[in-house]
Amino acid sequence: MTVRSSSSGVSGETGTRRPALRPAAVGRVLATGVTGLVLLLLILVVVQLPWMGDLGVHAATVQRLRHAPLAPGNPLVDANTPSPYYSPWTLVLGGVARATGLDVFVVLRLAAAAGLALLVTGVWRYVRTLSAHPAAPVLALLSLLFLWGTEPLLWSGFTGLHSLALTAAYPSTFTLGLAFHFWTWLSGALRRPAGWGVWLGLGVLWAVILLCHQFSGVVATAGAAATVAAARPGRAVWPRLGGALLLGVSVLGAWPYYDFFALADAGEGLETVHRVLYAQPAARFGLVLLGVAALVGRWRRDHRDPLVVFCALGVLAVAAGRVTGHYSWARALPAAVIPAQLAAALAVVGAGSRRVRSVWAALLAGALLAGAWTQAGVLGYVVPADALPGPVAEEYRRPWPGYGWLTHWVRYGDVVMAEGRVARQVPAYGPYTVAPGYPDFFLADEERRTAATEAYFAADTPPAERRRTEREYEVRWVLDHRGALDDPALRPVARGPRGEVLYAVP
């Protein structure tokens with residue numbers, strides 16, 4: 001007589017019953033595998049280190065701290081001013097560059113790897129404070145990466161996959177990862193009796209987060225406030241919490257590289273830059289509505305649920321910025337989005353009956369697939385862009401080639417006259433520019449420098465006026481990215497890959 005083998009899990013050789021895999025276990029394995037592939041993709045992106053956005057200013061910051069860690073001056077222009085880019089994290093990176101002699105872009109790759117590792121481990125640990133289910137951290141990571149909208153939002157401090165691919169080396173990634181660890185430690189201190197040392201350490205950590213990236217620091221503060229509100233701490237905790245806040249404020253005030261509290265009046269330039277964050281909310285955040293629905297369920301169970309309070313604080317900050325014209329407050333958007341994303345992930349493993357959880361799983365899977373397709377353009381940073389399917393290639397943003405070719409002529413500390421986006425890239429290699437290329441609250445003559453740069457490249461500017469500007473700002477080189485500057489006194493010495501012309505100043 002033969003033994004029949006079937007899908008019931010009975011072994012044909014021994015007749016013993018093997019445990020059948022549950023759908024939930026299959027889903028967990030699948031989610032873990034997908035998460036691993038996505039993290040591998042991010043690692044490959046770090047190796048490429050796409051040159052986009054603000055990478056130039058962060059590279060310039062490390063350059064200045066490598067050469068003069070105690071008095072670096074302005075990172076972009078030759079001026080002795082403070083800068084909020086000089087944070088505890090960039091000070092560490094500058095020290096690494098100085099001690100090892102590594103190229104700045106190698107140091108930024110290390111920073112990207114450290115920031116991503118801190119973010120992944122931070123999310124993992126924080127989600128563990130909200131759910132003991134083994135699948136919760138994996139689903140949370142996938143939600144943070146893909147549960148956004150149908151239009152990618154590429155901005156530092158936002159955890160979308162495409163955004164992280166471009167900003168992994170930025171201080172915002174490191175800071176946000178540190179924030180998740182901060183919430184985890186704070187949750188532990190509130191749940192179990194913690195001494196003064198623990199609380200004072202939390203106060204210092206809070207200050208470090210705010211100093212490293214002010215906008216992510218606001219998100220971290222909102223999450224911390226929500227954690228405290230949800231914990232309903234006893235009377236014995238409040239003196240320790242007050243001591244932590246007092247120490248944190250003291251650290252902020254004592255930081256020597258810039259006046260943290262002066263940033264509260266950063267000027268109109270910062271508001272103008274951030275106004276775009278209020279545009280296209282449905283396209284950029286439409287998929288987050290699934291998390292909002294999950295938050296409603298959590299609110300019904302507990303009006304002081306930490307994710308509910310966290311999201312409410314973020315919404316209030318962003319709405320207040322829109323109403324008052326403080327558009328930079330839109331950088332608090334992650335405080336509204338992150339708790340909704342986490343709530344959607346947790347609903348799959350903890351929302352009512354098995355049938356309800358299955359519905360949540362199906363909805364989340366569909367939303368994650370839609371979000372992944374939206375951000376598929378990130379594949380272009382690790383495979384040739386022309387190998388991508390047409391719809392994916394349309395979402396790919398080609399990185400900038402940079403200006404490394406300048407260093408054959410231009411030396412560290414030289415002043416280069418450059419305009420627009422070029423002024424954001426040149427300082428990454430050591431030179432300064434006349435105008436900073438970014439809003440700079442601490443640079444008193446920023447408007448004058450910008451006007452001088454615009455006038456220099458204007459076609460009707462007399463040569464005598466250009467010579468006066470060169471003397472005033474000690475300009476040694478002119479980089480004309482349009483290749484159309486007509487001034488016989490300037491001597492062309494090199495031409496870049498995109499037609500840019502480098503001139504030597506007489």
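Across the chain the mean pLDDT is 90, and 94% of the residues reach 70 or more. The model is predicted. Over residues 1-15, however, the pLDDT is below 50. Where pLDDT is low, the predicted coordinates should not be read in detail.

**Confidence by element**

- Helix α3 (residues 88-100) has the highest mean pLDDT among the elements of the chain, at 98.
- The lowest mean pLDDT among these elements, 73, belongs to helix α17 (residues 390-393).
- The stretch of residues 1-15 has 14 contacts in the model beyond near neighbours in sequence.

- Ser 163 is placed in helix α6, which covers residues 161-167.
- Ser 163 counts as buried because its relative accessibility is 1%, where the cut-off for buried is under 20%.
- A polar atom of the Ser 163 side chain lies 3.2 Å from the backbone oxygen of Phe 158.
- With neighbours within four places in sequence left aside, Phe 158 is also among the residues in contact with Ser 163.

- Strand β4 (residues 491-495) and strand β5 (residues 501-504) run antiparallel and are joined by 4 bridges.
- Pro 492 has Tyr 503, in β5, as its bridge partner.
- Between the strands of this hairpin there are 5 residues, and Gly 499 takes a positive phi near 90°.

Technical notes: Residues numbered from 1 in each chain as written. Predicted model: local features only at pLDDT ≥ 70, side-chain atom pairs only at ≥ 80, totals over all residues. Heavy atoms only, no water. Helix = DSSP H or I, 4+ residues; strand = E, 2+ residues; numbered from the N terminus. Buried < 20%, exposed > 50% of the residue type's maximum accessible area, 1.4 Å probe, protein only. Polar contact = N/O pair within 3.5 Å; in protein donor to acceptor, adjacent residues only side chain to side chain. Contact = heavy atoms within 4.5 Å. Pairing = 2+ DSSP bridges. pLDDT = per-residue confidence, 0-100.
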